[in-house]
Amino acid sequence: MTPTIAILLIITFVLSTVGLLLLIWSIANNQFSHGQAAARTIFSPGEEGHSEDPARAADEPFTGDTSEQTAAIEARWTADQSSRTAVLTWLSSSVFWLLLGSFFGLASSIKMHLPEFLTASEFLTFGRIRPVHLNAVTYGWASMAGIGVALFLIPRLFKTPLVGGKYAVIGGFIWNIGLVLGLSAITLGLSDGEEWLEFPWQIDILFVVGGALCAVPLLLTAANRKVEHLYVTSWYLMAALVWFPFLFLIANLPFAFPGASGATVNWWFAHNVLGLWVTPIGIGIAYYMIPKILGKPIISYQLSLIGFWSLALFYSQVGIHHLIGGPIPTWLVTLSIVHSVMMSIPVITVAINHHGTMIGNFSRLKDSPTLRFVWIGALMYTVASLQGSMEALRSINVITHFTHYTVAHAHLGMYAFLSFILFGAVYFIMPRLTNWEWPWRKLISLHFWLVSIGILIYVVSLTVAGWKQGVALLDAAMPFMNIVKMTLPALQARTVGGALMTLGHLVFAFHFIAMLMRSGAATEQPTLFRPATKENAQ
Amino acid sequence: MKRALAIMVGAALILLLATLTLVVMPYLQMSAEQVPPDLKPYTEQQQRGRQVYIANGCVYCHSQQPRDPSFAPGDKDRGWGRPSVPGDYAYDEPHLLGTMRTGPDLFNIGARQPSIDWQLMHLYNPRAIIKGSIMPSYPFLFRHVDEPAEGDKVVNIPPPYGPETGTIVATEDALALAEYMLALDHTYPAPTLPKKPPNSDEPKENRAP
Ligand code: HEM
Ligand code: HEM
């Protein structure tokens, strides 16, 4: 180990320890209750204590007791309407890509236990539809829905109408063109060949441009803002929108990184897409939705800021835990493992805030679709991350690295965490943009149960089978084909789980389109899982 | 606005730090690694085969990175070869290390299955050779002809996996891919094994060459 590397390692260790001490200090000094002014910025004057949820009809919607308060609520309505076109562009596109991605995921899953399924055409071979699945759900569904929700939240967080929304609309079109071209390129066999970076780099420029165009309204609106404090959600969203174009640009520098160092860049990028792009968006949304629906600020604002900076620091360095045991320098792997374990700091701070705010209010999960989706998503963030920190340890990773266990973890993160939060956010946002209630409560229930049962089957079966697969692979006495046969039942179970999830997405997309077309009867009352008052339910 | 800028600049700086440690430093270190003298550059045909490998996503089921036996004993014991070192990948662009082992590691498949006929038959339908394999078949890499023309590479498929009548011949793509498989032979001694086994807290004596 060269001295510079040793110094770097020492610096990161020191930084990590400082982060840990800060956490202990803030707990010891009871930072949970003080300095909460900033945490309240998401509420209009007098709104605290009132739930802002279309699905919480037991409370009267808060319209303000004084003229000042009423004006604030109306200003929020104006702010919501200002982002309408931009948000609907991004959200509608994302729902389309979710459906497409689900079908490709389901087909990939079927092919893994029925290898003769659709083999005649090169365009439908496993090695092409699987990356189409990954890219459609990552860059199409998760990223586009995330940007859509961010565009909705920005004017609300800054309490001013969205400025420059048309840039985001143009950005959305460019992004969609990028997806169409990129997915076609993969189908035609023109992949760049690295996981998470399959789109040819020429096409990737479109995503950099499209993403940068979304940063324009963010900056313009921030310059116009009417709030003193920047709520923690804005931190996450701003940082994510800065990180993404930067990451995408470096990782795509054509032909700059050959051989084994190409692998380090590849996985540095791939994990940053997860850690510095979709994760901050997911956590940021939960930081807004949970307190807003409960009408109660998060329990510790300071803690949320520690969580933010430690996430930025640790998550940006974890990428090489995807190459443990690979042909790369040991110090690099160790660095990433250390940071993966240190990630428990931001994860625990976020967990204290999300779940701590929920304490005493769990009964609301029974009727609020948004809260139910978002909180389960937040819980799965905690679970997936703690699992990830374990999975990064050499002793565990040696077993799980090349197995279906990783795929289960990937869906626990990308689906049970991120997608659930995005579903919840869409249920919250749409009524406010279209001024129309979700027409059929039963469809929301159906969506929820289909995807929940589906992902449960998916994750449990592959986690168990993946672990057994990993243990068996280490023991050469077990012939390879026996291992393949051992995992078959789990791969079949995944198809069952995935089919339920895909059905759930069809229900969701149908309901979404119904919302856009304002189908169903006009209701005065918000749509709940259970009718809270005796209304004329359909 | 100042606060907003501070957050964005702070975020960018942190990412810069990460880029230095995770992108620039490894690049400097690994590009200085010696290229093993016995490693041959790919021929034009093998390079074409490599593109076919990329286009059809073999990487999603196959890794190309045997691990150190002191860390993961199964890799060497299954005959997947000695632990790979950065120099082995000097001509690989892009890298194809892979993170799944739904199928076996292929870093030394050329040494394990050196027969081109085996490779072609396996590609046409893996189940013709390995009962119960879940690897997809790649019929589109082959042509079905009545009579093979002069110079055609005929692939004899055992019944019932072949066609009822006529013959299966390999396309240029299939031949190139099979040649690439045969080129995956890294059994030469590695000049630059990692200085320490990845499991640095374990004794070093039982390191395999
Ligand atoms: C502290 C937090 C986390 C840590 C330390 C962590 C760690 C890991 C590790 C060690 C792997 C396995 C790499 C391998 O063996 O090949 C992995 C894979 C993965 N993780 Fe996480 N994880 C964390 C959180 C998350 C979250 C929140 C998400 C979702 C947004 C996520 C998504 C994924 C995905 C998609 C993969 C698969 C990547 C691939 O192979 O293509 N992880 N993670
Ligand atoms: C609709 C149901 C879904 C099914 C049936 C499904 C199925 C699959 C399959 C079969 C794979 C390939 C695994 C392998 O190569 O061994 C995969 C990979 C992946 N899927 Fe899904 N998927 C679904 C939904 C989603 C969604 C909604 C997301 C993200 C928001 C997602 C994210 C991913 C990721 C990140 C990977 C790469 C995992 C890795 O490399 O370890 N999937 N999925």
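Predicted model: local features only at pLDDT ≥ 70, side-chain atom pairs only at ≥ 80, totals over all residues.

Reader: Fine. Which domains does the assignment give for chain B?
Author: Domain 1 covers 1–32 and domain 2 covers 33–189 of chain B.

Reader: And what separates the centres of domain 1 and domain 2 of chain B?
Author: 38 Å, with the centres taken over C-alpha atoms.

Reader: Switching to the metal. Which protein donors does the iron atom of ligand 2 have?
Author: A:His133 and A:His411, each through NE2. They lie 2.0 Å from the iron.

Reader: Where do A:His133 and A:His411 sit in the chain?
Author: In distant parts of it. A:His133 is in helix H4 of chain A, and A:His411 is in helix H14, residues 404–434. The two are 278 residues apart.

Reader: What is the geometry at the iron atom of ligand 2?
Author: Octahedral, with six donor atoms and angles of 85 to 179 degrees among them.

Reader: Is A:His133 buried or exposed?
Author: Buried, because its relative accessible area is 18% and the cut-off for buried is under 20%. A:His411 also counts as buried, at 17%.

Reader: Now the surface. Which residues make the nonpolar patch?
Author: A:Leu114, A:Phe117, A:Leu118, A:Phe123, A:Leu124, A:Leu188 and A:Leu190. The patch is about 610 Å².

Reader: Where is A:Leu118?
Author: In the loop between helix H3 (84–113) and helix H4 (126–158) of chain A. A:Leu118 is partly exposed, with a relative accessible area of 41%. That is over the 30% that patch residues need.

Methods: Residues numbered from 1 in each chain as written. Chains lettered and ligands numbered in written order. Heavy atoms only, no water. Patch = residues over 30% accessible without salt bridge, like charges linked within 9 Å, V, L, I, M, F, W, Y side chains within 5 Å. Areas by Shrake-Rupley, 256 points an atom, 1.4 Å probe, with all protein chains shown as cover. Salt bridge = Lys/Arg side-chain N within 4 Å of Asp/Glu carboxyl O. Helix = DSSP H or I, 4+ residues; strand = E, 2+ residues; numbered from the N terminus. Buried < 20%, exposed > 50% of the residue type's maximum accessible area, 1.4 Å probe, protein only. Domains from an automatic or database assignment. Donors = N, O, S within 2.8 Å, 3.2 Å for Na, K, Ca; no water. Tetrahedral: all angles 85-135°; square planar, octahedral: opposite > 155°, others 65-115°.
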